Each structure stands twice: as structure tokens, then as C-alpha cells.
Amino acid sequence: MPKAFFTVRAVVEEPLRKKFDHWYSTDHLPMALAAFKAEKAWRFWSTADASVHYAVYQFADQAKLDAAMKGGDVLQALIVDFDKNFPTVARSRDLLIMAEERDA
């Protein structure tokens with residue numbers, strides 16, 4: 001079964017970036033990783049647009065991802081936490097299934 005991923009894209013204005021970066025690293029990412037029971041998580045800042053932040057959570061397969069997303073209380077609690085801390089930060093979410101992986 002291919003790996004599955006949950007992504008969150010947030011647009012963070014410059015005045016909030018340092019505070020957001022610290023909070024996501026020390027609070028939100030560890031909380032989300034545990035709540036989703038994900039295998040791994042990554043965070044990225046875009047080099048094309050410095051205001052764009054990505055968080056990516058890896059799951060063993062689509063069934064595990066679906067289970068994490070269908071446990072509505074888990075996702076909703078994370079949304080509430082995010083909104084409480086950064087109510088003006090817009091974000092979008094996507095669910096991805098790995099189509100291919102190659103090593104060099």
C-alpha cells in the first residue's frame with residue numbers, strides 16, 4: 001500500500017512569522033503528530049513566497065489517513081487550537097496518496 005499524506009498550507013504575514021514558527025514547532029506539530037497517530041511530520045517554508053508555510057503528515061496508507069480524518073474530533077480540536085492562536089492566518093488542506101517514489 002502506498003504512503004498517504006495530509007498537508008496544511010498556511011499563509012503567515014511577516015509580523016507573525018517568528019511567533020508562528022515557534023508555536024508550530026513546539027506546540028502544534030507535536031500535538032498534531034500524536035493526535036493523528038501519523039508516522040512522521042515535516043514543516044517547510046516556501047522559498048518562492050516567504051509567507052507560505054507547509055506542514056506534511058505521513059501515514060502508512062490511505063486507510064490510516066482516512067481513520068485520522070474521520071475521527072472528526074481530532075481534526076476539529078486541532079483546527080480550534082490553530083484558530084485560537086492564529087485566527088487571521090488563512091490555510092488550506094489536502095489529502096495525498098503517493099503515486100511513485102524513487103531513489104537516485
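In this predicted model, α1 and α2 (62–70) each supply at least two residues of the lining of the largest pocket. Helix α2 gives the largest share of that lining, 3 residues. In total 12 residues line the largest pocket, and those nearest its centre are Phe-36, Lys-37, Lys-64, Ala-67 and Ala-68. By class, the lining of this pocket holds 8 nonpolar, 1 polar and 3 charged residues. The volume of the largest pocket is about 160 Å³.

Lys-37, one of the residues nearest the centre of the largest pocket, sits in the loop between α1 and β2 (40–45). Is Lys-37 buried or exposed? Its relative accessibility is 72%, so Lys-37 counts as exposed. The backbone of Lys-37 has a phi near 60 degrees, which is a positive value in a residue other than glycine.

Rolling a probe the size of a water molecule over the atoms shows where empty space is left. The structure has 1 cavity of 30 Å³ or more. The volume of the largest cavity is about 100 Å³. Around the largest cavity stand 13 lining residues, with Val-8, His-28, Leu-75, Leu-78 and Arg-93 nearest its centre. Two or more of the lining residues come from each of β1 (4–11), α1, α3 and β4 (90–97). The lining of the largest cavity consists of 10 nonpolar, 1 polar and 2 charged residues.

The table sets out the two spaces.

| Space | Volume | Lining residues by class |
|---|---|---|
| Largest pocket | about 160 Å³ | 8 nonpolar, 1 polar, 3 charged |
| Largest cavity | about 100 Å³ | 10 nonpolar, 1 polar, 2 charged |

Helices α1 and α3 both contribute to the lining of the largest cavity, and they also pack against each other. Two packed helices are described by the angle between their axes and the distance between the axes. For α1 (residues 14–36) and α3 (residues 72–85), the angle is about 170 degrees and the axes are 10 Å apart. How do α1 and α3 run, and why? Angles over 145 degrees count as roughly antiparallel, and α1 and α3 are therefore roughly antiparallel to each other.

On the α1 side of this contact are Phe-20, Trp-23, Tyr-24, His-28, Met-31, Ala-32, Ala-35 and Phe-36. They meet Val-74, Leu-75, Leu-78, Asp-81, Phe-82 and Asn-85 of α3. Sorted by class, the residues of the contact are 11 nonpolar, 2 polar and 1 charged.

Ala-32 lies in helix α1. With a relative accessible area of 1%, under the 20% limit, Ala-32 is buried. Apart from residues up to four places away in sequence, Ala-32 touches Tyr-57 and Leu-78. Glu-100 is 68 residues from Ala-32 along the chain, and the C-alpha atoms of the two are separated by 26 Å.

Trp-45 belongs to strand β2. Which residues does Trp-45 contact, leaving aside its neighbours within four places in sequence? They are Val-12, Arg-17, Phe-20, Asp-21, Ala-50, Ser-51, Val-52 and His-53.

Ala-60 is in the loop between β3 (52–59) and α2. Its relative accessible area is 27%, so Ala-60 is partly exposed. Beyond its neighbours within four places in sequence, Ala-60 is in contact with Met-1, Pro-2, Lys-3 and Glu-39. The C-alpha atoms of Ala-60 and Pro-30 are separated by 18 Å, and these residues are 30 apart along the chain.

Key
Residues are numbered from 1 along each chain as its sequence is written. This is a predicted model: local features need pLDDT of at least 70, side-chain atom pairs count only at pLDDT 80 or more; totals for chains, interfaces and linings use all residues. Side-chain values use heavy atoms; hydrogens and water are left out. Axes are lines fitted to C-alpha atoms, for helices over the stretch in contact, and angles run from 0 to 180 degrees between N-to-C directions. Helices (H or I, at least four residues) and strands (E, at least two) are DSSP runs, numbered from the N terminus. Angles under 35 degrees count as roughly parallel, over 145 as roughly antiparallel, 65 to 115 as roughly perpendicular and the rest as oblique. Contact means heavy atoms within 4.5 Å. Ala, Val, Leu, Ile, Met, Phe, Trp, Tyr, Cys and Pro count as nonpolar, Asp, Glu, Lys and Arg as charged, and the others, Gly among them, as polar. Buried means under 20% relative accessible area, exposed over 50%, partly exposed in between (1.4 Å probe, protein chains only). On a 1 Å grid over the protein atoms alone, a cavity is a set of points where a 1.4 Å probe fits but cannot get out, and a pocket is an open set with protein on both sides within 12 Å along at least five of seven lines; lining residues have an atom within 4 Å of a point. Grid points are joined across faces, edges and corners, and a volume is the space filled by probe spheres set on the points.
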